[in-house]
Structure formats: structure tokens, C-alpha cells
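Please review the following briefing on the fold and packing of a single chain.

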Amino acid sequence: FNDRDTRPDFRLSREALRVLLDLLRSDRQHGWGSTIETLVFLFWLACGTSYRVVSRAFDMPRSTVHRIVHRVAEEVVAIRHQVIRFPNTPGDLEAVCRGFAGLARHRAFLKAAGAIDGCHVRIKPPSGPDGQCYRNRKLFPSIILQAVCDHQGRFIDTYVGWPGSVHDARVLRYSPLYRRSMYPPPGHFILADGGYPCLQHPLPLITPYKRPVQGVGAQRFNLHHSRARSIIERAFGMMKTRFRSIFLKALEVHHTFVPHVITACAILHNICLGVGDIMAPEDEHEEDD
């Protein structure tokens, strides 16, 4: 409530906070009030998952913090379709396509309408035999976030909840994006890495040539493709940097609540990009299979 920078404590700029509060538009006549409760949730995201730390910072019972975090997470997820959405107009779509052609530095990518990839979010796995399903190929338990972004790194589609042992291509096949063929429009395509199949229907996906790459033309195509597609990795990197306490250590909440937390982070990422509150991604050396 003073004029200090809000980012160290809440990971959002003051302008992004205003936009979030306007979108939530919750005039509660009870409890602590929507502003305080939103700040409690953001502080919890910023400092990790310790309800005890948050209860001390805001001088409220730990059980109240738990209740507020879950309630505000649901409210943020409820505004998802206002914030994470496909380009609205032909002009918006054209701007996205021009952006991808610019990233690729080649006009052959003028019909690229997005880039897709999967991101593994560390979790505390459920006990019992089901816990093994969450162990991914790097042997840590995780839940998968599948996302499509535009040329600026803004998420235009997210799908989260599959356990880490499931392959990206299988997650794609079960996603609404694939099953409903909602996007992209005819004549356009989405860029994907080699972990996905190259498809024409029901979802047009363009992947790079597989190794070993034969010929100069294929090598050049892969170079331009990589330049354009890497924006999705940058988008994940920006989100992980902003909410490093959530993404860079295991989420110690019940695994059924994890999708809400991840979706909320993606929504906040988009809100921040929209007001120019950008965090450069920290370098992460992940192998690209």
C-alpha cells in the first residue's frame, strides 16, 4: 500500500496487480477483502508453498491462509479464458504469423500461428503405487503442462494435469486443442519439436527433419524452424524465473491442486506480458530430445 516496487514480494509489478484485481472484480463483503486475499495468494506463489511463512507475514491463522490460497487460485483459474485465448481477429492472427516469420527470419513461416511444447513441473508424488506414474524420463515426479504460445511468448492455450511418465505426443492426442481442432485456422500450422509427430489433420503440426539431417535444404529448414519454435521455451523460462519457488523445486501441495497452481501461473504470466512486466528467463540447460 506504499509506493515501493511490488515485484520482490509478489513477483508482479504494480500495474500487473491492478489488471489482475480488475479482472477478478470480487467485492467480498466478508473475510479479509479481495485485495488482501489476492496479495496473500501472490505472496504464497512468490515465496514457495509454506503456509506458515505467509501466516506470519500477514498475521493471520495458517488455516485461513490455506483457505484463501485455494479460493483465490480457483478465482484466478476462472478468468482463464479472458487471458489465455487464441487470436481474436484476422488482424491479430496476421500479427502472430508475421511475428513467427520474423523470429524464423524466413517468409516460409508466414503461416505459423503458434509454437507448442510440454513442461514438467516437479511435485510431491502421491503415496502408494500411483506415485510411480508421476516419475518422468529424468526420474523425478512431475505433472505436465502442455502450452501453445504466440510470437511474443504469450500463452494462447494450456492443458495441464497428465503425470510425468506420459509422452508429450500422447498428452497432445488427449488435449482439447487436438480433439476439437479449434486452432489454427485452415492454411496455418503450429511449430513443434521432434518429440511430436508431424501432422496435417486434425491438428497441423510442423516438426523439424529428424537426425541425421540429409542435405543443405533440410539443415536450413531446421535452423529457421528452431529460431521460431524456441519462443515457447523462452515463455516457459520467463514463467519459471518469475515463479521460481513454484517451478524450481517440488510443489508440496496435493497433486490434485497442482493443475490449478500451474494454470494460475500461466494466467499471471500473460497479464505481466500484457503490461510490459517482463522477466528475462534464467539460463536452463535442458536437452532438446
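Helix H10 (residues 216-242) and helix H12 (residues 258-274) pack at an angle of about 100°, with their axes 10 Å apart; H10 and H12 are therefore roughly perpendicular to each other, a class that covers angles of 65 to 115 degrees. Axes are lines fitted to C-alpha atoms, for helices over the stretch in contact, and angles run from 0 to 180 degrees between N-to-C directions. The model is predicted: local features need pLDDT of at least 70 and side-chain atom pairs pLDDT 80 or more, whereas totals for chains, interfaces and linings use all residues. Residues are numbered from 1 along each chain as its sequence is written, and side-chain values use heavy atoms, without hydrogens and water.

- The contact (heavy atoms within 4.5 Å) is made by Ala235, Met238, Met239 and Arg242 of H10 and by Cys265, Ala266, His269, Cys272 and Leu273 of H12.
- By class, the contact of H10 with H12 has seven nonpolar residues, one polar and one charged.
- H12 also lies across strands E1, E2 and E3, and runs at about 165° to E3.
- Helix H7 (residues 90-104) lies across E1, E2 and strand E4 (189-191), at about 75° to E1.

**Sheet**
- Five strands form an open sheet in the order E3-E2-E1-E4-E5, with mixed pairing; two strands pair if DSSP finds at least two bridges between them.
- E3 and strand E5 (205-206) stand at the edges with a single partner strand each, so one side of each is left without a neighbour in the sheet.
- Strand E1 (residues 112-122) pairs with E2 in the antiparallel sense over eight bridges, and histidine 120 stands opposite isoleucine 144 in E2.

**Hairpin**
- Strand E2 (residues 142-149) and E3 pair in the antiparallel sense over seven bridges, with leucine 145 opposite valine 160 in E3.
- Five residues lie between E2 and E3 in this hairpin, and glycine 153 in the turn has a positive phi of about 90°.
- Eight of the nine residues of E3 (residues 155-163) are buried, that is, under 20% relative accessible area with a 1.4 Å probe, protein chains only.

**Whole chain**
- The chain contains 12 helices and five strands, taken as DSSP runs of H or I with at least four residues and of E with at least two.
- Its C-alpha trace spans about 65 × 50 × 35 Å along the principal axes.
- Buried residues make up 52% of the 289 residues in the chain.
- Of the contacts with a separation of 6 or more, 65% join residues 24 or more positions apart.

Terms used: Buried means under 20% relative accessible area, exposed over 50%, partly exposed in between (1.4 Å probe, protein chains only). Angles under 35 degrees count as roughly parallel, over 145 as roughly antiparallel, 65 to 115 as roughly perpendicular and the rest as oblique. Ala, Val, Leu, Ile, Met, Phe, Trp, Tyr, Cys and Pro count as nonpolar, Asp, Glu, Lys and Arg as charged, and the others, Gly among them, as polar.
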